[in-house]
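I would ask you to look at the sequence and the structure while I go through a few selected points.

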Amino acid sequence: MSRPIRAVIDTDAMRHNLELVRKHARGRRVWAVVKADAYGHTLEAAAAGFAAADGFAIVEVPEAERLRRLGWTKPLLLLEGFFDDGDLDALEQLDITTVVHSEWMIQALERRAPWHDLKVFVKLNSGMNRLGFAPAEYPRLAARLAAVPGCRVLGPVTHFANAERTPAPGCRVPVAAQLACLGPAAQAPGACLANSGATLFHDEVAGDALRAGIVLYGVSPDALVPAGQLGLEPVMSLQTEVIAIQDVPAGGSVGYGSRWTARRASRIAVVACGYADGYPRRMPDGAPVWVAGSLAPIAGAVSMDMITVDVTDVPAARPGSPVELWGRHVPVTELARLAGTIDYELLVHRACRVPVVVK
Ligand SMILES: *Cc1c(COP(=O)(O)O)cnc(C)c1O
């Protein structure tokens, strides 16, 4: 028998979440963000579950190659643009739309002209101070790029530093400030402004297109707003099985560093999932694991290939019992909080040794 761990991907939930984004989009085109192997869900699953999206947004050319091989014929967008001149041929060969965020990129496009219908978005800095030009430069840059033979400017893009429903206390760049920073560029034809948070929580953000990532995977863009309350359905379920039960007497301790000690005679389920599978090593004692139909607490340090769970109160647990690490029973957002990180990180850290089952 093979190791029982797997990531089950629910393509019905993907379709459902995309539909929900469509409702919030109010006519805007929807780019499904599928970078980082579709946030750990695989491009194969994305091509199936997000088939109704208007385009896929990615970060690297190899992702475009894989998607074209999978039969994706609709638009592709490089969110951070190309990285060097070596990427330029692929823009035409694979029909990839590119973001342009720096002067060196404009010069590269000018040198390589003429193009055969190259589509570009101009990245504007709305307060994140990461990538992009000053918004006031947009008309001049758009005109300059439009003058490159065969180059077509689709509009401005920006990425919000904050787009939660309620800005964190003391947040100095809420959505209103970011829109003010964009000024008239926010209304320019073809604008693509919103991420997941702005799509769900900020109707004041306009534009002709949006880029939705985390929300499509059933995760709330605001950790304080439960995904279920937004009508989202979780897509990834990380599943495995109990491989052993260990009876530990009162006073016995469990795992590396003997972090957890039994206060009573205890049954410990040994579960086939560890930090080499993408489960956070920092998970504290007490974090929930769904075992044999009940929630039970982690007991002892997470190992590379195993975790240990106190199933003293789950008499049904035995070798072979089903386990969910995150998914419908254990929200990935809650688990991420307990490990001191965010849900995005847990999803993209699914290890490649964890097989993906697309349902
Ligand atoms: C990742 C990314 C997104 C998607 O963000 P979510 O919060 O997952 O919706 C949108 N735009 C850009 C530029 C990104 O890098």
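**Backbone, ligand and cysteines**

Asp95 sits in the loop between helix 5 (88-93) and strand 5 (96-100); helices (H or I, at least four residues) and strands (E, at least two) are DSSP runs, numbered from the N terminus. This is a predicted model, in which local features need pLDDT of at least 70, side-chain atom pairs count only at pLDDT 80 or more, and totals for chains, interfaces and linings use all residues. Residues are numbered from 1 along each chain as its sequence is written, and side-chain values use heavy atoms, with hydrogens and water left out.

Asp95 is not a glycine, yet it has a positive phi of about 55 degrees. Its relative accessible area is 39%, and Asp95 is therefore partly exposed; buried means under 20% relative accessible area, exposed over 50%, and partly exposed in between (1.4 Å probe, protein chains only). Ser258 also is not a glycine and has a positive phi, of about 50 degrees. Ser258 belongs to the loop between strand 11 (253-254) and strand 12 (260-261), and it is partly exposed at 40% relative accessibility.

Let us turn to a proline. The peptide bond from Ala113 to Pro114 is cis, with omega near 5 degrees. Pro114 lies in the loop between helix 6 (103-112) and strand 6 (118-124).

Next comes the ligand. How many residues surround the ligand? There are 13, and the closest are Lys35, Tyr39, Ser196, Ile214 and Tyr344; a residue counts as near if one of its heavy atoms lies within 4 Å of the molecule. A polar side-chain atom of Lys35 lies 2.7 Å from an oxygen atom of the ligand. In the side chain of Arg211, an N or O atom is 2.8 Å from a nitrogen atom of the ligand. The protein covers 92% of the 390 Å² of accessible area that the ligand has on its own, by the Shrake-Rupley method with a 1.4 Å probe. Helix 2 (35-39) and strand 9 (209-212) are the elements that give two or more residues to the shell around the ligand.

Finally, the cysteines. The structure holds zero disulfides. Cys273 is buried, with a relative accessible area of 0%, whereas Cys352 is exposed at 79%.

How values were computed. A polar contact is a pair of N or O atoms within 3.5 Å; within protein, one must be able to donate a hydrogen and the other to accept it, and residues adjacent in sequence count only if both atoms are side-chain atoms. A disulfide is a pair of cysteine sulfur atoms within 2.5 Å.
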